Amino acid sequence: MQDEDFTEDTGRPSKTKQKEAMHELRDLGAELVELSVGQLKRINLPENLFDAVRDCQKITAHGARRRQIQYLGKLMRGVDDEPIRAGLAMLRGESSAETARLHRLERFRVRLLEDEAVLAEIAALWPAVDLQHLRTLRRNALKEKENNKPPKNFRAIFQILQELDQKGAPPAEEDGDE
């Protein structure tokens, strides 16, 4: 019978669980402070939270920064944290959709290096592409590979494909032969 006295359910989380949740929110706020302004804007934070994060990024004194991070945790109690967590996962590349998108762009890059005809596909998907620049990067990337040089142009092709994809995403999958 004594066990029943201690297992009484009051319908609310214990004080320990509440503290753990607050610490998680504070840690999430600290993670937001480490992001750049562009990354913060991609997450679509509420205005007051965005301003508090920007203020914390400007603070250099350790104690003041710690207090501001505590304040961020307090502000986050009134905000749905799931979209923020999803945005952070996307920025870290942990989201499966983001990973699939990057793999698709990587396949595009590899196919482009193998066959210049892929430029027509790219032009069809992204009409705003500078084909001449992309053709030059392809040629230079092939020379780099041939001469065992660092893959500067190889990376540049991927960056261009990423920029194009972010401006206007093509269909989910464009080819089935791999």
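In which loop is the place of Asn148?

**View 1. Overall fold of the predicted protein chain.** This is a predicted model, in which local features need pLDDT of at least 70, side-chain atom pairs count only at pLDDT 80 or more, and totals for chains, interfaces and linings use all residues. Residues are numbered from 1 along each chain as its sequence is written, and side-chain values use heavy atoms, with hydrogens and water left out. The secondary structure comprises ten helices and zero strands, where helices (H or I, at least four residues) and strands (E, at least two) are DSSP runs numbered from the N terminus. Along the sequence, the pattern reads α-α-α-α-α-α-α-α-α-α. Of the 178 residues, 31% count as buried; buried denotes under 20% relative accessible area, exposed over 50%, and partly exposed in between (1.4 Å probe, protein chains only). The chain exposes about 12100 Å², of which carbon and sulfur atoms supply 50%; accessible areas come from the Shrake-Rupley method with a 1.4 Å probe, and for residues only the protein chains shown count as cover. Among contacts (heavy atoms within 4.5 Å) with a separation of 6 or more, 57% join residues 24 or more positions apart.

**View 2. Loop residues with positive phi.** The place of Asn148 is in the loop between α9 (131-146) and α10 (152-167). Although not a glycine, Asn148 has a positive phi of about 55 degrees. Asn148 counts as exposed because its relative accessibility is 72%. Asn44 is likewise a residue other than glycine with a positive phi, near 60 degrees. The loop that holds Asn44 lies between α3 (37-43) and α4 (47-58). With a relative accessibility of 63%, Asn44 also counts as exposed.

**View 3. Packing of α9 against α10.** Two packed helices are described by the angle between their axes and the distance between the axes. For α9 and α10 the angle is about 145 degrees and the axes are 7 Å apart; axes are lines fitted to C-alpha atoms, for helices over the stretch in contact, and angles run from 0 to 180 degrees between N-to-C directions. The crossing of α9 and α10 is left-handed, meaning that the near helix is turned anticlockwise from the far one by less than a right angle. Residues making the contact include His133, Leu134, Leu137 and Asn140 of α9, and Asn153, Phe154, Ile157 and Ile160 of α10. By class, the contact has seven nonpolar, three polar and three charged residues; Ala, Val, Leu, Ile, Met, Phe, Trp, Tyr, Cys and Pro count as nonpolar, Asp, Glu, Lys and Arg as charged, and the others, Gly among them, as polar.

View 4. Asn140 has its place in helix α9 and counts as partly exposed, at 25% relative accessibility. The C-alpha atoms of Asn140 and Asn153 are separated by 6.3 Å, while the residues are 13 apart along the chain.

**View 5. Surroundings of Arg101.** Arg101 lies in helix α7 (residues 96-114). At 13% relative accessibility, Arg101 counts as buried. Leaving aside residues up to four places away in sequence, Arg101 touches Gln162, Asp165 and Gln166.

**View 6. Confidence along the chain.** The mean pLDDT is 83, and 87% of residues reach 70 or more; pLDDT is the predictor's confidence in each residue, from 0 to 100. Confidence is lowest in helix α1 (residues 2-6), with a mean of 53, and highest in α4, at 92. Over residues 170-178 pLDDT stays under 50, and the model has 17 contacts beyond four places in sequence for this stretch. Where pLDDT is low, the predicted coordinates should not be read in detail.
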